[in-house]
Amino acid sequence: MTELRLENVSVEREGRRILDNISTRFAAGEFVALLGANGAGKSTLVRTALGIINSINGKASIDNVDSRKLSAREKALKVAYLPQARSLSWPLTVADTVTLGRYAHGVRL
């Protein structure tokens, strides 16, 4: 199980502060829902925790390791992430899309 942690994280996008000194922890095994209006920073928070977006200060970690220092494979072994908008090169069933998330673990389609 994986823990995501943000400590005093701030993120700016296009000159605008999206997250301001956010500290939170998503513990292993927790079920968490992020709720808020469009543009409130929900996706930015998740992408920052995963090291996809860099923060201007603070620390984002996965199991106490800086998210930005983990390789794509190391992240994939710990976290499954499917962005809300993603263009695919070919049509996939839901089952095939979920199976792709297991690729880092050696599972083949």
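Guide: A nonpolar core is a set of buried Ala, Val, Leu, Ile, Met, Phe, Trp, Tyr and Cys residues joined through side-chain atoms within 4.5 Å, where buried means under 20% relative accessible area, exposed over 50% and partly exposed in between, with a 1.4 Å probe and protein chains only. In this structure the largest such core has 14 residues, and those that touch the most other members are Leu 4, Leu 6, Val 11, Leu 45, Leu 50, Ile 62 and Val 79. Two or more residues are given to this core by each of β1, β2 (16-26), α1 and β3, and β1 contributes the largest share, four residues.
The model is predicted, so that local features need pLDDT of at least 70 and side-chain atom pairs count only at pLDDT 80 or more, while totals for chains, interfaces and linings use all residues. Residues are numbered from 1 along each chain as its sequence is written, and side-chain values use heavy atoms, with hydrogens and water left out.

Visitor: Which residues is Leu 50 in contact with, leaving aside its neighbours within four places in sequence?

Guide: Contact means heavy atoms within 4.5 Å. With those sequence neighbours left aside, Leu 50 is in contact with Leu 4, Ile 62, Ser 67, Lys 75, Val 79 and Tyr 81.

Visitor: How many bridges join β1 to β2, and how many join β1 to β3?

Guide: Two strands pair if DSSP finds at least two bridges between them. The pairing of β1 with β2 is antiparallel and has seven bridges, with Val 11 opposite Leu 19 in β2; these two strands form a hairpin with two residues between them, and Glu 14 in the turn has a positive phi of about 50°. Strand β1 (residues 4-13) is also joined to β3 by five bridges, again running antiparallel, and across this pairing Arg 5 stands opposite Ser 61 and Glu 7 opposite Lys 59.

Visitor: What does β3 form with β4?

Guide: The two form a hairpin with two residues between them, and Asp 63 in its turn has a positive phi of about 50°. Two bridges pair β3 with β4 (residues 65-66) in the antiparallel sense, and Ile 62 stands opposite Val 65 in β4.

Visitor: Is Ser 55 buried or exposed?

Guide: Ser 55 is buried, because its relative accessible area is 17%. Its place is in the loop between α1 (42-49) and β3 (57-62), and its side chain reaches the backbone oxygen of Asn 57 at 3.0 Å. Leaving aside neighbours within four places in sequence, Ser 55 is in contact with Val 9, Ser 10, Val 11 and Thr 48.

Visitor: What share of the chain do buried residues make up?

Guide: Buried residues make up 26% of the 109 residues in the chain.

Technical notes:
A polar contact is a pair of N or O atoms within 3.5 Å; within protein, one must be able to donate a hydrogen and the other to accept it, and residues adjacent in sequence count only if both atoms are side-chain atoms.
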